[in-house]
Amino acid sequence: MYNTLLIAELIVSVLLIIIVAMQPSKTNSASSALSGGAEQLFGKQKKRGFEAVLQRITSVLGTVFIVLAIVLAYLSAN
């Protein structure tokens, strides 16, 4: 059981790294990165299409990663 969950944690972590690397950059230039992007504060737009799918997959994989980590910590303590 522990080894199966450990393998699942490894697979989820690799998938999470790949999905985060695939997401598009939020900054357009170096000046917006340094200024904090204040011009986009009130102009927030809802993500659509591919970006929305990547964001949902990232949140699901992140949640699964955290749950698996907690379960593995519990199993290793007992």
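The protein chain has a mean pLDDT of 83, and 72% of its residues reach 70 or more; pLDDT is the predictor's confidence in each residue, from 0 to 100. This is a predicted model, in which local features need pLDDT of at least 70 and side-chain atom pairs count only at pLDDT 80 or more, while totals for chains, interfaces and linings use all residues. Residues are numbered from 1 along each chain as its sequence is written, and side-chain values use heavy atoms, with hydrogens and water left out.

Here is how confidence ranges along the chain.

| Helix | Mean pLDDT |
|---|---|
| α2 (residues 30–35) | 58, the lowest |
| α1 | 95, the highest |

Helices are DSSP runs (H or I, at least four residues), numbered from the N terminus.

Let's look at α1 (residues 2–22). Its 21 residues reach 30 Å from first C-alpha to last, close to the 30 Å expected at 1.5 Å a residue (1.5 Å times one less than the number of residues). Buried in α1 are Leu5, Glu9, Val12, Ser13, Leu16 and Ile19; buried means under 20% relative accessible area, exposed over 50%, with a 1.4 Å probe and protein chains only. They lie on the same side of α1 because they cover an arc of only 135° around the axis, taken from the directions from the helix axis to the C-beta atoms. The face turned away from this buried side carries exposed residues, including Asn3, Ile7 and Leu10.

What do the buried residues of α1 pack against? Their partner is α3 (50–77). Ile19, for example, is in contact (heavy atoms within 4.5 Å) with Leu54, Ile57, Thr58 and Leu61, leaving aside neighbours within four places in sequence.

Key. Helices (H or I, at least four residues) and strands (E, at least two) are DSSP runs, numbered from the N terminus.
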